[in-house]
Amino acid sequence: GKIAEVIDSFRFANLARVLARHTRMADLLPHLHEYAVDTAKGRCSVLLQTNPRTGLLHATSAFGLDYLPTSPWLTVDTEMRLAEAARSADTPVPAPDLPTRYPGLASHLGTRHAVLLPLAGLDTTLGLVIIGVDKEPSGHDLDATLAPVADAFVLALERLRLQRDADLQHDVRLLLQDFSQRVSSALNLRAGLEIFCDGAARLFGADRVSVWLHDRQHREVVLDASSD
C-alpha cells in the first residue's frame, strides 16, 4: 500500500510538472492519457468532447487505440444514458461487461470493461475520459483513485480555453488598433471598414463580415462595407 502511494505521488508530481511547463495540448495530451491508463491499470483511454453544433460526443485524442473513429461516440440509447449518468454523477462511473451492455463502446475500446470520468469545468462539463480496462472496475475507491486524473484533464482543457480567449482578445485589439490607425491616417471610413471586415472574417473564420450603418436622414440601415 505504501509503495503504491509513493508511485502515485511520483506520477502526479511528474504530471504537475508537465502541466506547469507545457502550453500546447499536443504536448500535454500524451502525458495525460498515459497517466490515466497507468492510474486505472487499463489498456487505453480516449477523450470525448461535445460538438457545440450537434451536442454529440467526438473523440479528440486517445491512447492505446489502433484506430480512432471520427464519427460520434455513445449514440445509441444505452450508451447515451451511460454518458448522461456519468455527467450527472460528477464521479467516475464503472461500465462493466461492455460486449453485452455496450457493444459499440466495446468495439471502439477493445476491452471488456471501462470507466467513465466526467470532466467538470468551471461553467459546464467539458467532456468525458473513457478508460478501457480488462479487470471489472469496482465502485470502491474509484473516486479517490481516478479523481486526480479527471482534475488533470480539466486543468489542461480550462488552461487551453483561457489561452484561446486571451489570444482572441489580443488579436481583436490589434484589429481595432489597425482600423483606428488606417481611418485616422486616410480619413476614409469606408476603406477602413472594408479592411476591418476582411480582417475580422479571417480572425473569426467567418464566411462574411458586414458593417451596416444607420442613415439618420433616410431612417434606414445601409450596408457600408463587407469582407466580400
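Helices are DSSP runs of H or I with at least four residues, strands are DSSP runs of E with at least two, and both are numbered from the N terminus. This is a predicted model, in which local features need pLDDT of at least 70, side-chain atom pairs count only at pLDDT 80 or more, and totals for chains, interfaces and linings use all residues. Residues are numbered from 1 along each chain as its sequence is written, and side-chain values use heavy atoms, with hydrogens and water left out.

**The whole chain**

Start with everything selected. The chain holds 7 helices and 7 strands. Along the sequence they follow the pattern α-α-β-β-α-β-α-α-β-β-α-α-β-β. Of the 228 residues, 35% are buried; buried means under 20% relative accessible area, exposed means over 50%, and partly exposed lies in between, with a 1.4 Å probe and protein chains only. The accessible surface is about 14000 Å², and 53% of that surface belongs to carbon and sulfur atoms. Such areas come from the Shrake-Rupley method with a 1.4 Å probe, and for residues only the protein chains shown count as cover. Among contacts between residues at least 6 apart in sequence, 47% join residues at least 24 apart.

**Helix 7**

Select residues 189–204, which form helix 7. The expected span of a helix is 1.5 Å times one less than its number of residues. For the 16 residues of helix 7 that gives 22 Å, and the end C-alpha atoms are 22 Å apart, so the two agree. Which residues of helix 7 are buried? They are Gly 192, Leu 193, Phe 196, Cys 197, Gly 199, Ala 200 and Ala 201. Step just past the helix to Gly 205, which takes a positive phi of about 65°.

**Strands 6 and 7**

Next, show strand 6 (210–215) and strand 7 (220–226). The two strands pair in the antiparallel sense over 6 bridges; pairing requires that DSSP finds at least two bridges between two strands. Val 211 stands opposite Ala 225 in strand 7. The hairpin has 4 residues between its strands, and Arg 219 takes a positive phi near 55° there.

Stay here and select Trp 212, Val 221 and Leu 223. They form a nonpolar patch on the surface, with about 320 Å² of accessible area together. Patch residues have over 30% relative accessible area and no salt bridge; like charges are joined within 9 Å, and nonpolar side chains (Val, Leu, Ile, Met, Phe, Trp, Tyr) within 5 Å. Val 221 lies in strand 7.

**Salt bridges**

The structure holds 4 salt bridges. Each is a side-chain nitrogen of Lys or Arg within 4 Å of a carboxyl oxygen of Asp or Glu.

Select Arg 208 and Asp 228. Their side chains meet in a salt bridge at 2.6 Å, N to O. This pair links distant parts of the chain, 20 residues apart: Arg 208 is in the loop between helix 7 and strand 6, and Asp 228 is in the segment after strand 7. Arg 208 is exposed at 52% relative accessible area, and Asp 228 is exposed at 64%.

Move to Arg 43 and Asp 134. Their closest N and O atoms are 2.9 Å apart in a salt bridge. Arg 43 lies in the loop between helix 2 and strand 1 and Asp 134 in the loop between strand 5 and helix 6, so the bridge ties together parts 91 residues apart in sequence. Arg 43 is partly exposed at 42%, and Asp 134 is partly exposed at 45%.

Finish at Arg 87 and Glu 84, whose side chains form a salt bridge at 3.9 Å, N to O. Why are they about one helical turn apart? Because they sit 3 residues apart in helix 3 (residues 77–89).

Terms used
Contact means heavy atoms within 4.5 Å.
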